[in-house]
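Dear colleague,

I am handing over the structure shown below, and after it I set out what was found. Please read the conventions at the end alongside the findings.

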Amino acid sequence: MSGNFKNLIIVEHPLLDDKLTRLRDVHTPPSEFRRLLKEIAALMTYEICRDFSTMEKKVQTPLEKTTGRILKREITVVPVLRAGLGMIDGVLSIIPEARVGMLGLYRDETTLQPVDYYVNLPAGLAEMEVVLVDPMLATGGSASAAATTLKKYGAQKLTMMALIAAPEGVRLMEEKHPDVTVYVAGLDRQLNEKGYILPGLGDAGDRCFGT
Ligand code: PRP
Ligand code: URA
């Protein structure tokens, strides 16, 4: 676990550092932003799956029978719209068989409270590894609301993949969802008065989709 947070894992790798720094750069255009986000998500997926349970499976190689291990549970990935969409292809490049759910949430610009507008999740979440995906964990309001919704629909084994977190957001997740481990590529300093992460990368949805 990272820093003073019991629920946080900062994934450290030179490739992630390099890509995250380029992503933060205000001069990085949406096309490159999307590519970097996808690549970071792929690299982080490898780490997030580290603690997933496996089970034995007998397999016939071309030469003999042996026993290997396969993932015990199906995986469902749930991006938070919009910015989470930018990470989904990266996750699926590593786990192509994963199911994909969708949660539509946006942060009211004045109150900073999450407003949910769409839920579409596969049945059977209770038996699956569920990975919530959203690049930004700022106040934590959106992630916390998303985790509450996923649990309401049955999710029991829930992990969150973010890109950048503010301490405020990690703290809220620790308070409201202590069972959810949050993986990030970077833990930033603080939020500004408008709830933006500092140093951050700006508005992830806008930078991803050029709005
Ligand atoms: C961003 C981001 C998170 C949320 C984080 O989405 O993708 O969902 O803000 O902020 P919080 O931790 O303070 O809740 P946004 O609300 O901008 O929606 P959008 O991606 O549709 O633009
Ligand atoms: N949402 C974003 O997209 N960026 C921030 O810095 C905070 C919330």
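**Aromatic pair and ligand surroundings**

In this predicted model, the count of aromatic pairs comes to one, where rings of Phe, Tyr and Trp (its six-membered ring) pair if their centres lie within 6.5 Å, and planes under 30 degrees apart count as stacked, over 60 as edge-to-face and the rest as tilted. The pair is formed by Tyr-106 and Tyr-117 and is tilted, with 6.0 Å centre to centre and 40° between the planes.

The charged end of Arg-107 sits over the ring of Tyr-196, 5.7 Å from its centre (CZ of Arg or NZ of Lys must be within 6 Å of the ring centre and within 35 degrees of the ring normal).

Arg-107 also belongs with Arg-82, Asp-134, Thr-139 and Ser-142 to the residues that come nearest among the 15 around ligand 1, a residue being near if one of its heavy atoms lies within 4 Å. A polar side-chain atom of Arg-82 lies 2.8 Å from an oxygen atom of ligand 1, while for Ser-142 a side-chain N or O atom is 2.5 Å from an oxygen atom of the ligand. Gly-140 instead places a backbone N or O atom 2.8 Å from a ligand 1 oxygen atom.

Residues are numbered from 1 along each chain as its sequence is written, and chains are lettered from A and ligands numbered from 1 in the order in which they are written. Local features need pLDDT of at least 70 and side-chain atom pairs count only at pLDDT 80 or more, whereas totals for chains, interfaces and linings use all residues, and side-chain values use heavy atoms, with hydrogens and water left out.

Best regards

Key:
Polar contact = N/O pair within 3.5 Å; in protein donor to acceptor, adjacent residues only side chain to side chain.
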